[in-house]
Number of protein chains: 2
Amino acid sequence: MSVGLTPSQALYLWHGATLKLVQSDAPDLTMRQLSIILHIYMVPPPHTVRGLAALLGVTKPVITRALDSMGSMGLVRRVRDERDRRNVIIQRTVDGALYLENLGDLIVYEAGELPL
Amino acid sequence: MSVGLTPSQALYLWHGATLKLVQSDAPDLTMRQLSIILHIYMVPPPHTVRGLAALLGVTKPVITRALDSMGSMGLVRRVRDERDRRNVIIQRTVDGALYLENLGDLIVYEAGELPL
DNA sequence: ACTGATCGTTTCGCATCCGTACCATTATAT
DNA sequence: ATATAATGGTACGGATGCGAAACGATCAGT
């Protein structure tokens with residue numbers, strides 16, 4: 001199954017998906033927050049604050065605040081690393097998995113609506 | 001050319017694309033702003049403040065402010081409708097077209113990196 | 001001409017996000 | 001034991017976004 005995508009199709013896809021995302025009542029994540037939660041769920045652990053900050057090219061407080069926000073939404077969870085108690089390991093949650101599952105379905109649906 | 005996309009592939013695609021977008025020096029658009037500019041460029045004109053507000057399900061000032069921001073970035077342009085001077089027609093710009101062209105290429109590149 | 005509706009903008013108070021700088025805790029090296 | 005480094009969090013001032021409400025300009029109906 002190939003995912004050959006033209007630039008025009010790519011933009012149509014993003015147009016439809018972001019529109020649905022904005023229209024929905026789902027929590028309105030920042031682009032950075034979305035990038036963070038996607039990374040946490042799509043890339044094998046462990047994930048740390050410092051690692052995410054370096055990956056995104058932003059400062060640590062950005063990650064801390066994003067985890068605060070998404071944590072209060074129940075999308076991610078913080079756990080102290082017992083092997084090195086300076087670290088905080090960011091973990092997935094059921095609600096976070098549901099959120100991304102919903103996002104994935106939304107994009108797939110938009111892809112189905114694409115003009116070929 | 002089919003765009004069959006599994007939910008997993010969709011999330012990988014968004015993961016890669018949002019990550020590159022955050023990492024880049026490109027102006028950091030809000031999800032709403034991104035949705036607006038995509039709509040302006042992907043859907044035939046005319047585009048008005050009220051129409052966009054209704055489409056996104058947000059209030060008018062949100063659109064006004066988004067146009068202020070993106071206007072100062074040179075991504076969109078406002079023009080009075082001479083047939084009905086109450087209306088403001090939102091138009092495309094060269095810089096806006098370049099911005100979206102870049103976004104489209106970025107997504108296409110990520111799609112090429114997708115695990116099949 | 002007058003009235004009411006429509007459209008975009010502005011103002012207001014509030015919430016959130018940003019980067020810089022600093023702090024508390026914990027680990028490592030000497 | 002002490003000093004140094006590393007990690008995440010907090011405080012701060014500034015920038016930006018938000019919705020509700022009010023405003024000025026313009027149009028349409030009578």
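Me: What makes helix 4 (60-72) of chain A, along with helix 3 (49-56) and helix 4 (60-72) of chain B, part of the surface near DNA strand C?

Reply: In this predicted model, each of these three helices supplies at least two residues of that surface. A residue is near a strand if its C-beta atom lies within 6 Å of it. Helix 4 of chain A gives the most, with five residues.

Me: Which residues come nearest to DNA strand C, and how many are around it?

Reply: There are 23 residues around DNA strand C, and those that come nearest are Arg85(A), Thr48(B), Val49(B), Arg50(B) and Lys60(B). By kind, the residues of this surface divide into eight nonpolar, six polar and nine charged.

Me: Which residues are closest to DNA strand D?

Reply: Thr48(A), Val49(A), Arg50(A), Val62(B) and Arg85(B) are the closest of the 23 residues that surround DNA strand D. Two or more residues each come from helix 3 (49-56) and helix 4 of chain A and from helix 4 of chain B. Helix 4 of chain B has the largest share, five residues. The surface near DNA strand D is made of eight nonpolar, six polar and nine charged residues.

Me: What makes up the side of chain B that touches chain A?

Reply: In the contact between the chains, 38 residues of chain B meet 38 residues of chain A. Helix 1 (7-23), helix 2 (31-42) and helix 5 (94-112) of chain B each give two or more residues to this side. Helix 1 of chain B gives the most, with 13 residues. The residues on this side of chain B divide into 23 nonpolar, 11 polar and four charged.

Me: What makes helix 1 of chain B count as mostly covered?

Reply: Of the 17 residues of helix 1 of chain B, 13 are buried. A residue is buried if 20 or more other C-beta atoms lie within 10 Å of its own. From its first C-alpha to its last, helix 1 of chain B reaches 24 Å, close to the 24 Å expected at 1.5 Å a residue.

Me: Which residues have the most contacts inside the largest nonpolar core?

Reply: They are Ile37(A) and Ile37(B), in a core of 61 residues. Helix 1 (7-23), helix 2 (31-42), helix 4 and helix 5 (94-112) of chain A each give two or more residues to this core, as do helix 1, helix 2, helix 4 and helix 5 of chain B. Leaving out residues up to four places away in sequence, Ile37(B) touches Met70(B), Leu75(B), Val76(B), Gly96(B) and Leu100(B).

Me: How many helices and strands are in the secondary structure of chain A?

Reply: Chain A has five helices and two strands, and its elements run α-α-α-α-β-β-α from the N terminus on. The C-alpha trace of chain A spans about 55 × 30 × 25 Å along its principal axes. Of its 116 residues, 35% count as buried.

Me: Why is Tyr109(A) called partly exposed?

Reply: Tyr109(A) has 15 other C-beta atoms within 10 Å. Buried requires 20 or more, and exposed requires 12 or fewer. Since 15 falls in between, Tyr109(A) is partly exposed. Tyr109(A) lies in helix 5 of chain A, and its C-alpha is 9.6 Å from that of Leu13(A), 96 residues apart along the chain.

Me: Why does Val58(A) count as partly exposed?

Reply: Val58(A) has 17 other C-beta atoms within 10 Å, and this lies between the limits of 12 and 20, so the residue is partly exposed. Val58(A) has its place in the loop between helix 3 and helix 4 of chain A. Not counting residues up to four places away in sequence, Val58(A) touches Arg32(A) and Ala53(A). The C-alpha atoms of Val58(A) and Arg32(A) are separated by 9.3 Å.

Conventions. Residues are numbered from 1 along each chain as its sequence is written. Chains are lettered from A and ligands numbered from 1 in the order in which they are written. This is a predicted model: local features need pLDDT of at least 70, side-chain atom pairs count only at pLDDT 80 or more; totals for chains, interfaces and linings use all residues. Helices (H or I, at least four residues) and strands (E, at least two) are DSSP runs, numbered from the N terminus. Ala, Val, Leu, Ile, Met, Phe, Trp, Tyr, Cys and Pro count as nonpolar, Asp, Glu, Lys and Arg as charged, and the others, Gly among them, as polar. Two residues are in contact if their C-beta atoms, placed from the backbone, lie within 7 Å. A nonpolar core is a set of buried Ala, Val, Leu, Ile, Met, Phe, Trp, Tyr and Cys residues joined through C-beta atoms within 7 Å. The expected span of a helix is 1.5 Å times one less than its number of residues.
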